[in-house]
Amino acid sequence: MYHVNFCAGPAQLSGQVYSSLSQMIQNYQGTGVSLLSISHRDLLFAKVNENINSYLRVLLALNEEYEILLMPAGASAQFAAVPMNLKSKGHALYFNSGYWANAAINEAKKFIEVEVKTGIDLEVGTLNDEYDYIHYTENETIDGVQWSFVPAAHLPVVCDMSSSFLSKLIDVSKYDLIYAGAQKNIGLPGVTVVIIRKTMLNAMNAGNIPAILSYQTMQKAESLYNTPDVIAWVAMELVLKDLIRQGGLSVIQEKNKTKAELLYQAIDESRLFSNKVEAKNRSLMNVVFQLPSVELTTAFLDFADKRGVYGIAGHRSLGGMRVSLYNAIKQQEVEYLISVMREFEADSFVA
């Protein structure tokens, strides 16, 4: 039986959220109707929508200059939705910092002319007004890198914040559009949060955008243009409420920083494990590390699996290991993983 789950996504949620969802699947809010079958037009579900918006505004100190949209599917759908909705002059600047930024670039090219700057923590520099927006991916789950600042520009700034959203304090005023798939820090797959400046939203020309991807359509429908994934919405409601209960994003940020520091310290002190990411760009959410050989990597993954550690194999494109330290991961779970790593290292050198 697994004791800890460091899966990169869908990520682990708290035991209380699982327990609440389990009960609601049997009987939602005492109605005698399963959450699996409750109507999204029910007044009870309207309250879920209201709570999600309210909780997000509390956590982000979000003022009325911004609209919150709950879009169907994952962040990958936003790779298309962003250029479709924001296209005006027909040009956008994208920063390619890794796997997911590259995926966003490839999708955007189907709808808009894209200029690419490759790297992370790149200064925007002097730009003219030829771009409709600039886009970057704040945290790369596969590459284990994270931007340490927000690229500043006089143009609209768009950010894919899927794997770091609500893991730390966010100054939303620096962004014009943020999108984030829920299945990392705030819930289950099936819904994506879009936070967009209202002035940008109101200036859009819906044109020939498919309704399901149109920000204006979703705004007018209060995010209920189609039947949403009700389970994913309720899961998000529960997670957001719990983040507030814990003390908000300043508290969450410190917890996540401590977890990451513990694991990186263990890797840096190790004679066997290594991380090649420059310190200032190390992700606090997804820690990637390696062993000297494929054979040792395979042996360690098997060793960890037998000790109840789930979901630490690196992405198939990079290999090695990847440990995801999303909000629901507890410090003692990180400490347990470190003990497993040290046990394997001790055994390896004895052998």
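**Briefing on a predicted single-chain model**

Pro-10 sits in the loop between strand E1 (4–5) and helix H1 (15–26), where helices (H or I, at least four residues) and strands (E, at least two) are DSSP runs numbered from the N terminus. The peptide bond that leads from Gly-9 into Pro-10 is cis, with omega near 0°. This is a predicted model, in which local features need pLDDT of at least 70 and side-chain atom pairs count only at pLDDT 80 or more, while totals for chains, interfaces and linings use all residues. Residues are numbered from 1 along each chain as its sequence is written, and side-chain values use heavy atoms, with hydrogens and water left out.

**Overall fold**

- The secondary structure of the chain comes to 10 helices and 13 strands.
- The radius of gyration, taken over C-alpha atoms, is 21 Å, close to the 20 Å given for 351 residues by the globule rule (2.2 Å times the number of residues to the power 0.38), so the chain is as compact as a globular protein of that length.
- Along its principal axes, the C-alpha trace of the chain spans about 65 × 60 × 30 Å.
- Of the contacts (heavy atoms within 4.5 Å) between residues at least 6 apart in sequence, 67% join residues at least 24 apart.

- Leaving aside residues up to four places away in sequence, Ile-195 touches several residues, including Leu-60, Leu-62, Tyr-66, Phe-165 and Val-172.

**Backbone features in loops**

- Gln-29, in the loop between H1 and helix H2 (43–60), has a phi near 55°, a positive value in a residue other than glycine.
- Glu-222 is likewise not a glycine and has a positive phi of about 55°; this residue is found in the loop between helix H6 (215–220) and H7.
- Glu-222 is exposed, with a relative accessible area of 58%.

How values were computed
Buried < 20%, exposed > 50% of the residue type's maximum accessible area, 1.4 Å probe, protein only.
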